[in-house]
Amino acid sequence: MEVQAMPCGRGRCIVATADFDDDEIVFSIPRKAVLNVQTALPNVNTSVSQAIPDMPSWLGLTTLMISESFRQDSKWAPYFSVLPQELDSLVFWSDSELAELQASTVAHKIGKVKAEEMFSQHIAPLGLTDCSTDMCHRVASIIMAYAFDIPEKISTTEGDTSLGDVEDELISDDEGDEKTLLSMIPLADMLNADAARNNARLCCDNEDLEMRTIKPIAKGEEIFNDYGQLPRSDLLRRYGYVTKNYAIYDVAEISTESMLTAFRNGTIQTPNLEHLSDQDLERRVELAEREGVYEETYDLAHPGPDGPSIPDELLAFIYLLLVDNENFESITKSQTSVPSRSKLATELVGKVLVDLLRAREEEYATTIEEDDILEAAESIPRRTKMAIQVRLGEKQVLRDAIREAGSFRGDNKRMRLPTVTKTNGTVQNGKRRGEEVSKPIKKGRFQ
Ligand SMILES: C[S@@+](CC[C@H](N)C(=O)[O-])C[C@H]1O[C@@H](n2cnc3c(N)ncnc32)[C@H](O)[C@@H]1O
């Protein structure tokens with residue numbers, strides 16, 4: 001094998017001991033060397049093997065690994081012995097460490113309490129001696145950071161029914177029709193990842209699993225697998241590390257409830273913005289749901305070739321809250337569709353979004369400039385430094401989104417504001433006299 005495992009600043013890493021071309025096999029793993037319900041479940045005791053099919057795949061594999069780790073003669077013992085004892089995934093952070101994430105929504109996605117409920121409900125009744133909650137967290141977190149979802153290999157051997165029921169329960173089919181098996185793959189899971197430096201990926205098309213290059217690799221270079229285009233918040237939550245290479249995938253979330261509260265409370269700073277009654281607001285939210293643009297939270301990103309910072313759905317949602325009654329009724333009756341992005345990006349939508357995004361920015365206790373200074377400090381603990389990078393990344397996304405919203409110049413003529421008091425005492429909604437509000441355009445859902 002033309003690779004070598006060695007310690008590095010990222011735990012262990014795998015380094016090439018020869019040159020590789022593009023799309024060359026770096027190493028192969030026989031499927032029987034993979035740990036999953038197909039390979040390991042028949043060995044575990046009856047109560048465990050009967051319970052696992054009722055568990056979600058991550059919990060089933062957690063139970064399987066814990067149970068297997070208690071077996072004196074487990075063939076996986078050498079593998080288990082090299083798995084890490086400690087991880088930096090967010091589930092292991094103390095409250096004060098988590099507080100450093102400030103207003104990042106990742107702190108609410110850790111799922112520690114829910115996981116503990118699952119451990120009590122499913123694993124505790126199995127009576128596995130010495131199995132503690134800490135051990136369950138450790139194994140579940142290793143699975144989160146190390147396991148692969150591999151396509152199920154359907155057995156063609158007639159009469160092979162040994163795992164039929166188990167497979168039905170534990171094989172997930174979340175990617176289209178392809179059923180996958182959550183699996184621990186020794187050696188393949190020794191590869192680190194680093195956004196721009198990834199140069200290999202696991203290929204499951206053949207009998208053996210193959211780690212193949214996705215670009216040429218020179219002798220001496222580290223081999224990196226691709227963990228996906230993850231924002232640093234998720235990288236930290238799942239893998240317990242962050243690097244600046246992932247900054248391009250950072251996202252900041254804004255919750256719809258917080259935006260609706262700002263509308264209800266009248267905290268939007270736009271002058272003359274007509275107050276919507278709760279009932280009106282409700283109708284507009286229902287229309288957003290019907291048009292498929294309502295989300296509980298919206299992800300903002302850095303603008304780039306893949307798209308703008310502010311998603312179309314968020315623009316459409318704010319547009320539906322701000323559009324004048326005439327156009328609102330017209331869309332409701334499906335005489336008009338929600339317009340395209342260029343028409344959604346009205347000056348008013350931009351202005352309101354700037355207010356909402358600034359309010360979101362203020363939920364973080366420090367500014368970008370303060371974080372830049374804090375992050376540069378040498379004496380800072382490792383977890384604090386990672387938390388600063390996450391929250392800083394989110395604030396930078398918010399700043400991009402604010403800049404983008406502030407550049408909206410679309411016509412406000414269909415907006416329900418600002419109200420303009422005419423000298424003769426009549427009030428118009430900002431549209432020029434005689435201006436046509438909307439022609440019935442094509443019906444249909446927001447694209
Ligand atoms: C699949 S394992 C990779 C092998 C791991 N280094 C080991 O020694 O077992 C994933 C873990 O490796 C570490 N890791 C991977 N890529 C990294 C990187 N670029 N920087 C720092 N740590 C990294 C993280 O701790 C992550 O949870």
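The ligand is surrounded by 17 residues, of which the closest are Arg10, Gly11, Arg12, Ala145 and Asn192; a residue is near a molecule if its C-beta atom, placed from the backbone, lies within 6 Å of it. The model is predicted, with local features requiring pLDDT of at least 70 and side-chain atom pairs counting only at pLDDT 80 or more, while totals for chains, interfaces and linings use all residues. Residues are numbered from 1 along each chain as its sequence is written.

At least two residues of this shell come from each of strand S2 (11-16) and helix H7 (133-146), and S2 provides the largest share, three residues. Helices (H or I, at least four residues) and strands (E, at least two) are DSSP runs numbered from the N terminus. By residue class, the shell comprises nine nonpolar, four polar and four charged residues; Ala, Val, Leu, Ile, Met, Phe, Trp, Tyr, Cys and Pro count as nonpolar, Asp, Glu, Lys and Arg as charged, and the others, Gly among them, as polar.

The domain assignment, which is automatic or from a database, gives domain 1 (3-233) and domain 2 (250-428). Their C-alpha centres are 39 Å apart. To the contact between them, domain 1 contributes 13 residues and domain 2 contributes 15 residues, where contact requires C-beta atoms, placed from the backbone, to lie within 7 Å. On the side of domain 1 that touches domain 2, five residues are nonpolar, four polar and four charged.

Note on methods
Two residues are in contact if their C-beta atoms, placed from the backbone, lie within 7 Å.
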